[in-house]
Amino acid sequence: MTDHRPTEAVEAVDAVDGITGDDVLVADQTGAALPAAGGDGEPVRTLWSDAWREMRHRPLFWVALALILLVVTMAAFPSLFTARDPLYCQLSDSRLPPSAEHIFGTDTQGCDVYARTIYGARASVLVGVFTTLVCTLIGGFIGTVSAFYGGFLDTLLSRVGEIFFAIPTLLGGIVILYSLPNEPNSPFLLVVGKVVLALSVLGWPSLARIMRSSVLQVKPHDYVQAARALGASPWRIITSHILPNAVAPVTVVATINLGVYIAVEATLSFLGIGLQPPAISWGIAISEASGIGYITAAPHMLLFPSLFLSLTVLAFIMLGEVVRDALDPKLR
Amino acid sequence: MTATKENLDGTRAWKPVDGRLLDVEDLYVEFRTRDGIAKAINGASFTLDEGETLAILGESGSGKSVTAQAIMGILDTPPAFIPSGQVRYCGTDLLKLSEEERRKTRGSEISMIFQDALSALNPVFPVGWQIGEMFRQHRGMNKSDARERAISLMERVKIPGARQRVNAYPHQFSGGMRQRIMIAMAIALDPAVLIADEPTTALDVTVQAQIMQLLADLQHERKMGLILITHDLGVVADVADRIAVMYAGRIVEQADVYELYRQPAHPYTKGLLESIPRLDQKGQNLSAIGGLPPNLMRIPAGCPFNPRCRYVQDVCRTGEPPLLREVRPGRLAACHFSEEVIGDE
């Protein structure tokens with residue numbers, strides 16, 4: 001059984017699988033061919049340990065994780081990747097194609113595209129992570145409360161959620177950010193915070209709905225009744241009986257949404273209302289690179305930030321899908 | 001009336017009145033649904049004394065489980081409502097307590113075990129953690145003490161290798177072992193009343209016997225009052241002291257177990273007893289009670305059993321259902337013709 005192979009060997013095999021062309025296809029075949037975790041002398045099995053067992057045999061998981069780690073490292077320690085100052089720009093070097101000195105070339109202002117792409121990760125990751133956190137906390141709380149208590153509270157919270165749900169994210173984001181204009185010297189975190197606020201206000205209902213439906217699914221289980229019969233308080237029932245059994249779907253959607261929020265942030269910045277210069281972000285870089293004529297004259301300016309953005313979004317969506325597959329016993 | 005304060009030194013805050021633990025009187029429960037009102041319990045009355053085993057016997061939908069849930073106070077309102085009745089525990093009507101006071105009685109005074117222990121245990125936590133939760137939550141014990149108590153409880157319910165298995169998850173145990181764990185949780189706080197809702201239905205016959213023996217031993221040790229809810233006449237005969245037979249949300253007969261088996265006083269009980277397959281009557285048709293239990297939204301007028309009853313007379317079809325009355329010393333039945341039923345051997 002594959003379980004008994006040394007871990008390194010498994011990873012090595014997986015890594016080879018990962019680079020033989022079509023990732024998704026290979027991953028699916030590998031995933032399906034693997035037997036469900038189990039066997040003799042097996043330590044304890046839980047939903048999450050089973051999921052881990054399942055995931056670690058999927059190359060897609062490792063690819064996604066590696067990409068995410070790379071992006072997060074870029075966001076946390078950009079100086080590890082480049083010694084250049086992204087704000088040091090030489091107008092005489094405007095729109096140089098990639099060369100040994102500027103491996104991704106330079107942009108209109110003569111700034112190094114590589115350095116700006118590396119530094120741009122921070123804004124994207126911050127927006128993605130914080131929006132996901134805020135949405136998951138608010139959505140998770142509201143979803144749990146409305147499903148657990150039901151009745152009028154549920155109706156009220158669900159309707160409020162639907163009102164926000166009905167606003168298109170981009171449109172809503174534009175409206176909210178227009179009403180919260182930035183000063184040219186606003187601190188970076190404040191600018192990021194406004195984007196997070198806008199996306200969170202619009203993003204929580206989808207997570208609340210998912211949380212609500214999974215709590216509704218868990219609530220009628222006998223063990224929740226049994227906990228009540230043995231004197232557990234409502235808070236205790238929620239935290240130790242309902243939530244641990246209901247968080248899986250929200251985890252999956254939140255992971256996928258993280259990528260989506262990053263893309264929306266880039267879109268808002270592209271439209272000039274998300275982050276704004278002098279802040280550095282992929283959205284701003286893409287926006288600057290798509291001026292008339294630039295796409296043909298200096299395609300590198302568009303290519304590299306877009307590539308990093310796409311890879312980051314892809315990585316989170318892939319991770320979300322792997323986690324979803326691993327948590328769904330029916331797919332094993 | 002006794003204080004609800006928890007006493008940690010072992011003396012109980014609730015004391016039975018003259019040995020009487022539980023006194024359910026004229027309890028009604030109805031489910032208000034979109035299609036109408038389902039009358040699940042229609043005036044059930046029974047009592048439970050210290051150290052006594054009362055079996056509540058009835059077919060599916062007769063209201064046995066709802067009775068248990070009403071006593072525990074774990075019915076969801078809406079849809080369930082209790083329009084009238086009393087559930088007196090040690091003299092105090094539980095239905096009048098606040099939810100918080102009531103919650104404190106659950107587990108520590110009145111406890112319950114469920115039919116299917118796999119679904120009644122939380123799948124994501126080790127069993128030791130779940131048993132220990134009782135001590136952590138109700139007694140404020142720390143983790144390691146609670147764990148030790150969990151292990152000793154697992155030994156008490158005779159789970160082999162308790163210390164090794166304390167960190168195992170519910171699905172790693174067999175059905176019988178899971179039911180033992182459920183029992184361990186239910187008796188953790190030394191409740192005075194234990195309600196077992198079909199505790200052996202999901203188990204095979206040999207394991208059933210072991211679980212029933214365990215319950216009987218524990219009850220004997222602690223002088224617990226045990227309410228055994230079941231549809232299994234065999235289980236009842238072995239362990240119960242008294243039997244209450246339920247039909248359409250009413251207690252139709254209540255008697256000492258031997259009396260009831262020897263001479264049923266209600267036609268329904270009689271039908272039930274006749275429907276037990278017997279080894280000495282091989283090759284004969286199994287006798288069954290004809291017809292179906294009534295729809296709880298449309299319980300027939302008069303005696304609810306009248307459409308299926310072989311003793312039926314005009315008096316059974318109209319008016320109020322017959323009241324539970326003493327037909328022999330210590331025997332109650334709700335039938336106009338109990339004397340005939342008893343005499344009719």
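**The core and its surroundings**

Modeller: The largest nonpolar core has 181 residues, and those touching the most other members are Ile131(B), Met182(B), Ala184(B), Val193(B), Ile195(B) and Ile227(B). Keep in mind that this is a predicted model. In soluble globular proteins, nonpolar side chains tend to be buried together.

Start with Met182(B). Beyond four places in sequence, Met182(B) touches Ile113(B), Phe114(B), Ala117(B), Ala120(B) and Leu121(B).

Now take Arg178(B). Arg178(B) sits in helix 7 of chain B, which spans residues 175-187. Is Arg178(B) buried or exposed? The cut-off for buried is 20 or more other C-beta atoms within 10 Å. Arg178(B) has 23 such neighbours inside 10 Å, so Arg178(B) counts as buried. Beyond four places in sequence, its contacts are Ala117(B), Leu118(B), Leu121(B), Pro170(B) and Phe173(B). Ala120(B) is 58 residues away from Arg178(B) along the chain, yet their C-alpha atoms are 9.2 Å apart.

Next, Ile131(B). Ile131(B) belongs to helix 4 of chain B and takes part in the contact with helix 5 of chain B. The two helices cover residues 127-139 and 143-156. Their axes come within 8 Å and cross at roughly 115 degrees. The crossing is right-handed. From helix 4 of chain B come Gly128(B), Ile131(B), Gly132(B), Phe135(B) and Arg136(B). Helix 5 of chain B answers with residues including Ala146(B), Ala150(B), Ile151(B), Leu153(B) and Met154(B). Arg147(B) and Arg149(B) in helix 5 of chain B also join in. By type, the contact has 7 nonpolar, 2 polar and 3 charged residues.

Now move to chain A. Chain A has 13 helices and 0 strands. Of its 332 residues, 43% are buried.

Which part of chain A is largely enclosed? Helix 11 of chain A, residues 282-289, has 7 of its 8 residues buried, so the rest of the structure largely encloses this helix. The buried residues are Trp282(A), Gly283(A), Ile284(A), Ala285(A), Ile286(A), Ser287(A) and Ala289(A). They pack against helix 5 (113-149), helix 10 (234-270), helix 12 (294-297) and helix 13 (299-327) of chain A.

Then the join between the chains. Here 19 residues of chain A contact 25 residues of chain B. On the chain A side, helix 9 (222-229) and helix 10 each give two or more residues. Helix 9 of chain A gives the largest share, 6 residues. The chain A side divides into 8 nonpolar, 7 polar and 4 charged residues.

Finally, confidence. Chain A has an average pLDDT of 80, and 84% of the residues score at least 70. Helix 6 of chain A (residues 151-165) has the highest mean among the elements of the chain, 92, while helix 2 of chain A (residues 23-33) has the lowest, 36. Residues 1-42 of chain A stay under 50 throughout, though the model gives them 41 contacts beyond four places in sequence. Where pLDDT is low, the predicted coordinates should not be read in detail.

How values were computed:
Residues are numbered from 1 along each chain as its sequence is written. Chains are lettered from A and ligands numbered from 1 in the order in which they are written. Helices (H or I, at least four residues) and strands (E, at least two) are DSSP runs, numbered from the N terminus. A residue is buried if 20 or more other C-beta atoms lie within 10 Å of its own, exposed if 12 or fewer, and partly exposed in between; C-beta atoms are placed from the backbone. A nonpolar core is a set of buried Ala, Val, Leu, Ile, Met, Phe, Trp, Tyr and Cys residues joined through C-beta atoms within 7 Å. Two residues are in contact if their C-beta atoms, placed from the backbone, lie within 7 Å. Ala, Val, Leu, Ile, Met, Phe, Trp, Tyr, Cys and Pro count as nonpolar, Asp, Glu, Lys and Arg as charged, and the others, Gly among them, as polar. pLDDT is the predictor's confidence in each residue, from 0 to 100. Axes are lines fitted to C-alpha atoms, for helices over the stretch in contact, and angles run from 0 to 180 degrees between N-to-C directions. A crossing is left-handed if the near helix is turned anticlockwise from the far one by less than a right angle, and right-handed if clockwise.
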